[in-house]
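Let's walk through this structure together, one region at a time. Keep the model open beside you as you read.

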Amino acid sequence: MIGIYLVISLVIASMLYFFRNKTVSNILLSCFIIVQWALTIHAYNNLEIVQWVYFMPDSISVILLIVLSIIAIPAFFHSTIYFTKHPYSPREEGMYYAAMVILLAALSAAYLSNHIAITWIFVELTTLSASALIYHRRNLKTLEGTWKYVFVCSISITLVFIGILFLTIAIQQEGFKDLTYKSLLADAPVLSVFWLKLAFLFIFTGFTAKAGLVPMYTAGIDAKDKAPYPAAALFSSVLMNVGFLGIFRFYEIISRTSILPWANKIMMISGILSIFVATVYMLRVKNIKRMMAYSSVEHMGIVVLGLAAGGVGYFAAILHIVLHSLAKPAMFFQFGQIYRIYGSKSVYDVGNYFKYNITGAIVLLLAFFIITGMPPSGLFISEFMVFRSLFEAGNLWLLIIVLLLLTIIIWAFGKNVFKMLFINPIGFNDDNIEKIHPSESISQFVLFALVIYLGLNPPDMLVNLINASIINLPH
Amino acid sequence: MTNILLIAFTISLIYIGMANRLYTYISAIAFQGVILFGVAFIELIEINTLNLILVLLETIVFKTILIPMFLNYVIKRNKITREAEPFLTNFVSVVIITGIILGSFLMSNTIHDTHLRKIFFVVALSALFTGLYIIITRRKIITHVMGFLVIENGVFILSLAVGNEMPMLVNIGILLDIFVSVLLLGIFVNKIGDVLKEQDVSQLRNLKD
């Protein structure tokens with residue numbers, strides 16, 4: 001199935017590039033959605049069965065794949081809106097859609113692969129397609145964003161490769177040759193600790209570029225700022241998940257060895273620094289898109305803290321990843337409407353949003369509550385569980401610092417959001433602003449409803465999948 | 001023989017440290033390509049012929065001929081001035097790069113491992129950190145690409161250390177080489193050259209908070 005899927009997506013992508021007709025591209029995009037869902041359902045029904053030598057759906061990959069398939073639908077829908085409101089040449093439009101389809105296909109393959117080198121290849125492919133999306137507008141600033149993204153991602157992908165080489169040295173010493181996750185998990189206890197430590201450092205640092213964690217988070221921020229908003233929605237959810245997955249898979253291997261406490265320390269440092277950096281920038285950033293991007297950095301920091309704390313934190317980390325990747329795109333989709341009304345990304349130029357677009361304003365208000373993790377948001381549940389795991393692991397001071405930083409983030413976020421909603425913008429001419437139809441906000445409401453529902457009352461299917469995906473971690 | 005080649009590679013790193021002109025960088029990178037060809041030939045002679053030919057072609061055609069030619073073309077086409085314009089003087093660079101090599105050497109002495117040939121490890125790590133150092137301390141965007149090429153050469157050496165038993169990893173390393181070089185230089189030729197006149201990193205500092 002995965003082979004068929006990759007071939008079909010490649011065909012669809014090339015057709016999207018060559019047939020530059022609105023109707024044809026809409027049909028092709030619907031076809032891709034159908035194929036994407038077929039792959040997802042097929043993967044769910046064939047858990048733990050190896051396909052095509054290098055691919056094997058397991059619980060964590062199926063969870064992320066379902067999230068991706070859900071997000072793909074509104075992403076395409078908002079892309080079509082984006083192109084009706086901001087006319088681009090058919091060539092640029094075709095390029096955009098083709099890059100997006102390739103990005104989604106590469107992500108799905110990276111989720112499903114069971115071999116560390118194959119994951120690496122597909123992660124490399126996401127850099128390529130993402131850079132085409134970032135460069136969509138073709139001006140100096142997007143060029144800068146693209147260059148930085150490509151350069152930082154290339155360096156980090158090289159670091160991951162070096163990590164894989166160190167891992168190979170470790171397994172060759174013991175006479176093994178197989179680099180699939182399954183055999184790595186089985187071999188882990190006997191591997192040389194020195195090489196594993198080096199491998200962990202390099203692989204973790206490398207994947208932070210995709211996951212949006214300290215130290216390599218910078219490129220992702222520029223990318224989300226410069227890409228069109230539907231693409232930015234994908235970057236801040238499904239693309240970050242692939243970085244998380246890379247870290248998670250290697251963490252599973254490490255968790256079988258004696259260096260687990262050391263690895264936990266590294267991840268905790270990275271997590272707390274990510275939250276700290278996000279706090280500092282949230283306080284001063286005035287660009288709405290960058291503000292949302294830094295909020296993603298904060299959430300990834302929380303996820304890594306949960307993973308490092310252990311216990312109930314494992315469950316919470318996966319749940320948090322799922323909920324965050326549903327909530328954050330909704331906010332980016334909403335940003336598209338804000339930009340159409342005010343024509344600016346700066347908080348200073350946006351204001352009194354309730355007057356101009358009441359549905360959109362409700363979405364924005366709701367988004368603020370959901371993303372900052374206030375009840376009834378599902379993110380509240382997962383964050384609370386992460387805090388509990390930190391407490392149980394005896395990291396009281398860390399927990400206090402995290403809570404303080406999160407409070408500052410809520411204040412900074414709230415200050416900007418409420419200014420956008422209620423305070424009159426300075427020098428804004430509201431003579432001929434665009435009326436935005438409420439139907440454009442339906443997808444956001446659905447996503448928020450999902451976040452609340454999955455957090456408060458997670459269905460058995462989700463709970464079972466999450467429990468199955470953390471079964472390899474120590475209890 | 002491998003040792004002599006690898007030592008020559010390390011010397012080329014110091015040479016890059018004291019180079020003043022961009023063309024010197026390019027010839028150093030081409031020289032490294034030739035050395036990698038030699039090392040790959042000696043190390044991988046046992047793997048199957050087709051794979052060996054691929055690896056050798058990559059080192060001699062891609063690393064030694066195509067990339068230096070392409071870099072020359074980029075410099076001519078965009079009329080980049082020939083000085084490398086480092087932030088630090090060449091003397092400091094040489095001292096730091098020597099320090100890097102010494103550091104990796106000392107670090108490798110802490111490894112008690114009979115399987116690994118340490119010289120690969122030392123040279124690869126030195127190339128990695130030298131590349132990062134070049135990226136940090138040079139002003140032009142094109143020198144960033146060159147620093148990245150040095151890193152890639154280091155990674156290639158490391159992959160040769162394990163490549164005898166797992167040629168797949170060498171192939172993936174080659175994939176990385178080709179993919180990233182084409183992507184970076186492609187953006188360079190098509191986009192940055194047209195948009196930016198003076199190719200200085202200070203022009204890529206607009207995105208910030």
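The buried residues of α2(A) are Ser25(A), Leu28(A), Leu29(A), Phe32(A), Gln36(A), Leu39(A), Thr40(A) and Ala43(A); a residue is buried if 20 or more other C-beta atoms, placed from the backbone, lie within 10 Å of its own C-beta atom. Helices here are DSSP runs of H or I with at least four residues, numbered from the N terminus. Their cover includes α1 (2-18), α3 (59-85) and α4 (90-112) of chain A. An α-helix has 3.6 residues a turn, so residues three or four places apart point the same way.

A word on the source: this is a predicted model, in which local features need pLDDT of at least 70 and side-chain atom pairs count only at pLDDT 80 or more, while totals for chains, interfaces and linings use all residues. Residues are numbered from 1 along each chain as its sequence is written, and chains are lettered from A and ligands numbered from 1 in the order in which they are written.

How does the length of α2(A) check out? Its 24 residues, 22-45, should span 34 Å at 1.5 Å a residue, and the end C-alpha atoms agree with that, being 35 Å apart; the expected span is 1.5 Å times one less than the number of residues.

Over in chain B, Gln32(B) sits in helix α2, residues 22-43. Gln32(B) counts as buried because 27 C-beta neighbours lie inside 10 Å. Leaving out residues up to four places away in sequence, Gln32(B) touches Phe9(B), Ser12(B) and Asn153(B); contact requires C-beta atoms, placed from the backbone, within 7 Å.

Now turn to where the chains meet: 31 residues of chain B are in contact with 31 residues of chain A. On the chain B side, α6 (141-163) and α7 (167-195) are the elements giving two or more residues, and the largest share, 14 residues, comes from α7(B). That side divides into 22 nonpolar, five polar and four charged residues. Here Ala, Val, Leu, Ile, Met, Phe, Trp, Tyr, Cys and Pro count as nonpolar, Asp, Glu, Lys and Arg as charged, and the others, Gly among them, as polar.

Helix α6 of chain A, residues 140-173, packs against α6(B) at an angle of about 15°, with the axes 10 Å apart. That makes the two helices roughly parallel, a term for angles under 35 degrees. The angle runs from 0 to 180 degrees between N-to-C directions, with axes fitted to C-alpha atoms over the stretch in contact. Among the residues that meet are Phe151(A) and Ile155(A) in α6(A), and Phe148(B) and Ile151(B) in α6(B).

Terms used: Contact = placed C-beta atoms within 7 Å. Parallel < 35°, antiparallel > 145°, perpendicular 65-115°, else oblique. Buried ≥ 20, exposed ≤ 12 C-beta atoms within 10 Å, placed from the backbone.
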